Protein chains: 2
Amino acid sequence: MTAELLTQKRRFELEKFVTCGGAAIQDVAVGYETYGQLDAAGGNAILVPHYFSGTSHAAGRYRADDPQPGYWDAIIGPGKAVDTDRFFVISIDSLVNLNVGDETVVTTGPASLDPATGRPYGMSFPAVAIGDFVRVQKALLESLGISRLHAVMGPSMGGLQTFEWAATYPECVGRIIPVIATPHFGGWLTGWLSLWAQPIRLDPLWKQGAYDSAPPLSGLEASLRLITLNALHSHWVDEGAGRALAPGGVAGDIASEPYAIERALTIGAQDRAKKSDANHLLYLVRANQSFIPGQGAGAKTLEEGFARIRAPTLMLHAPDDQVFLAEWVEKSIAALRENGVTVETGEILGPYGHYNGIMRIGDCSEQIAKFLAREF
Amino acid sequence: MTAELLTQKRRFELEKFVTCGGAAIQDVAVGYETYGQLDAAGGNAILVPHYFSGTSHAAGRYRADDPQPGYWDAIIGPGKAVDTDRFFVISIDSLVNLNVGDETVVTTGPASLDPATGRPYGMSFPAVAIGDFVRVQKALLESLGISRLHAVMGPSMGGLQTFEWAATYPECVGRIIPVIATPHFGGWLTGWLSLWAQPIRLDPLWKQGAYDSAPPLSGLEASLRLITLNALHSHWVDEGAGRALAPGGVAGDIASEPYAIERALTIGAQDRAKKSDANHLLYLVRANQSFIPGQGAGAKTLEEGFARIRAPTLMLHAPDDQVFLAEWVEKSIAALRENGVTVETGEILGPYGHYNGIMRIGDCSEQIAKFLAREF
């Protein structure tokens with residue numbers, strides 16, 4: 001038995017932040033959590049950026065009786081693959097984090113108050129890149145006295161950030177573990193990301209982003225339903241609700257949504273929509289659509305970005321992933337190897353499609369532990 | 001060189017129609033096209049039901065200078081796989097056909113005028129099943145003196161109708177060729193179909209179906225964008241627009257949709273939305289969600305429906321299909337074989353995912369021709 005990991009949210013502030021695109025933002029604040037202790041040399045830090053709809057609650061509990069721990073608790077903690085008896089793990093809320101309404105999340109984005117007007121930025125908030133999320137992380141690490149990371153690891157959008165770290169700050173990264181993520185994605189994902197945003201744009205309460213007390217909750221819920229199904233897999237649905245009607249559902253009532261799977265998607269999305277912000281979702285979509293590793297260092301193409309990467313890489317992917325397709329993962333692996341980078345790979349199996357990278361990460365514990373222990 | 005196939009739309013009317021669910025509809029009308037000649041014995045007829053967003057324009061041109069022929073022109077015509085020098089081919093617009101605004105389409109659905117009120121039915125139109133589409137087809141064939149079909153063949157929703165024919169009217173069907181379709185679909189497709197409908201429900205102009213002169217075009221366009229991407233495949237997108245910006249597209253403008261793939265989806269959907277009806281789309285979604293073969297004969301389960309099927313079957317599917325998944329196709333093949341039905345199978349390859357069943361059907365010409373010629 002290992003001890004229960006307890007954590008708390010901390011807050012990091014930057015008076016002024018300049019984006020990769022050159023825009024200045026005043027009073028940036030993000031939340032972060034740490035697990036384990038930084039050693040005297042400051043050399044045992046592992047950074048864990050989160051996924052699209054995730055937060056910096058990567059592991060542990062705030063209180064011993066919290067019903068759920070952080071999302072990667074299966075691998076982060078005392079004696080686990082990312083052993084917090086040995087490593088100092090740090091996880092940081094992104095800019096434009098989706099979960100603005102979650103009291104444990106600290107972020108800056110279009111829902112934040114513009115100091116110049118005292119009202120939410122809305123669409124006047126500048127576009128931010130995944131490279132900007134990483135710039136904020138770099139500033140926080142510097143404030144903690146960490147100049148080099150033992151590793152950067154994260155799932156999905158967090159995995160894209162591992163590539164950004166390796167390309168923009170190659171001298172600061174010992175190794176990376178991108179999980180269910182590949183920068184070599186095609187226009188197919190650009191299109192799907194656009195469709196994720198579409199229901200919000202359709203909601204008349206969105207008002208081109210200028211909502212305040214009456215947010216576009218219906219559109220946001222609809223977006224979250226679509227994101228959820230896109231990130232899952234038929235195996236999960238078919239083994240669960242299947243084609244059954246929900247209790248009381250009437251197939252002949254066309255205006256209703258009578259099926260169990262529809263009901264399940266709706267309930268999940270309603271819960272999450274209450275804590276989420278529609279504009280933040282749109283900003284996240286664009287940050288992912290426009291991602292190229294090394295964008296923080298001025299890279300303009302995938303090739304340019306990949307040419308900067310030197311960090312040994314453990315690339316874990318889910319073969320059934322419908323968001324970051326297996327064939328795109330192969331392209332990133334090939335590009336790294338062509339550039340002489342050491343690449344290990346592993347598969348994450350299970351019924352959850354893309355979400356296997358969250359739900360089944362524990363299955364990769366041994367491979368992750370070994371990779372973190374390797375000498376390069 | 002074969003002669004150019006010319007065709008025209010005809011109209012079939014039923015004064016009264018009773019649905020599988022027991023609802024009566026007055027003054028049902030549907031359009032149909034025929035290719036070739038019915039022989040004296042009335043035994044050379046092949047029925048071709050259409051797909052979700054399709055029409056009865058399966059082959060040929062209305063005028064020699066039409067830019068495009070019908071959707072399966074590659075296999076239907078003089079000297080082609082479905083040889084109209086030998087067979088009498090008939091294709092019929094479904095009830096609640098999506099393309100109400102297309103002048104060549106005749107259909108009855110929620111956009112039709114309710115004779116009782118003189119206004120569109122809207123949601124007061126009864127729910128219709130795929131079994132109802134087939135009932136209308138049966139009535140038309142009887143009016144033409146056709147009591148037995150040499151074959152029923154169709155793609156996607158048209159493929160589901162081949163199973164309905166074989167299960168509800170087993171004595172009337174010589175063989176079936178379901179293409180990119182399987183009744184053994186899971187809750188995954190139930191969920192996706194729900195998401196296809198979601199943008200329409202979000203559009204305030206939808207008004208629970210009670211729109212008239214101001215239809216919910218934005219929601220309908222958004223639905224068509226989603227349906228299109230769902231029915232395609234990454235290979236098509238990646239080989240086309242990829243991740244490029246459209247001319248004039250600015251990634252930093254979050255309120256816009258700057259990518260080439262977004263632009264392509266929008267243009268296609270806008271064109272189609274003008275001819276389509278939002279309520280009809282919702283009725284089609286439900287008809288597909290609730291499909292079980294043999295529903296017209298009272299079957300309540302897939303097993304019950306499949307137990308009625310005797311028709312030799314050529315099942316053609318696209319391995320990359322993201323709508324009707326390959327593993328579901330395998331289940332239908334297994335169920336037919338367990339019941340002693342003769343099943344041939346074939347794959348349709350290409351970059352179009354589900355749409356390979358339309359775009360690449362010509363590749364299956366030889367297999368289709370041989371199957372139609374087989375003695376059973």
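User: Which residue of β6(B) stands opposite Tyr32(B)?
Analyst: This is a predicted model, where local features need pLDDT of at least 70, side-chain atom pairs count only at pLDDT 80 or more, and totals for chains, interfaces and linings use all residues. Residues are numbered from 1 along each chain as its sequence is written, with chains lettered from A and ligands numbered from 1 in the order written. Strands β2 (residues 24–35) and β6 (residues 88–92) of chain B pair in the antiparallel sense over 4 bridges; pairing takes at least two DSSP bridges. Opposite Tyr32(B) stands Ile92(B).

User: Which strands are the edges of the open sheet in chain B?
Analyst: Strands here are DSSP runs of E, at least two residues long, and helices are runs of H or I, at least four, both numbered from the N terminus. The sheet has 8 strands in the order β1-β2-β6-β3-β7-β8-β9-β10, with mixed pairing. An edge strand pairs on one side only, and here the edges are β1 (10–18) and β10 (343–347) of chain B.

User: At what angle to β1(B) does helix α1 of chain B run?
Analyst: Axes are lines fitted to C-alpha atoms, for helices over the stretch in contact, and angles run from 0 to 180 degrees between N-to-C directions. Contact means C-beta atoms, placed from the backbone, within 7 Å. Helix α1 (residues 130–143) lies across β1, β2, β3 (45–47) and β6 of chain B. To β1(B), the angle is about 120°.

User: How do α1(A) and α2(A) lie to each other, parallel or perpendicular?
Analyst: Their axes are 9 Å apart and the helices pack at about 70°. Residues that meet include Phe133(A) in α1(A) and Trp165(A) in α2(A). Angles under 35 degrees count as roughly parallel, over 145 as roughly antiparallel, 65 to 115 as roughly perpendicular and the rest as oblique. The two helices are therefore roughly perpendicular.

User: How many charged residues does the contact of α3(A) with α7(A) have?
Analyst: These axes come within 10 Å and cross at roughly 170°. Among the residues that meet are Leu193(A) in α3(A) and Leu282(A) in α7(A). Asp, Glu, Lys and Arg count as charged, Ala, Val, Leu, Ile, Met, Phe, Trp, Tyr, Cys and Pro as nonpolar, and the others, Gly among them, as polar. The contact has 8 nonpolar residues, 3 polar residues and, for charged residues, none.

User: Which helix gives the most to the side of chain A that touches chain B?
Analyst: Chains A and B bring 45 residues each to the contact. On chain A, α3 (187–202), α4 (217–231), α5 (234–239), α6 (260–275) and α7 (278–289) each supply at least two. That side has 22 nonpolar, 16 polar and 7 charged residues. With 10 residues, the helix that gives the most is α3(A).

User: Is Val96(A) buried or exposed?
Analyst: Val96(A) has a positive phi of about 45° although it is not a glycine, and its place is in the loop between β6 (88–92) and α1 of chain A. A residue is buried with 20 or more other C-beta atoms, placed from the backbone, within 10 Å of its own, exposed with 12 or fewer, and partly exposed in between. Val96(A) has 28 such neighbours, so it counts as buried.

User: What is the phi of Lys207(B)?
Analyst: Lys207(B) sits in the loop between α3 (187–202) and α4 (217–231) of chain B. With 14 other C-beta atoms within 10 Å, Lys207(B) is partly exposed. Most residues other than glycine have a negative phi. Lys207(B) has a positive one, near 50°.

Methods: Contact = placed C-beta atoms within 7 Å.
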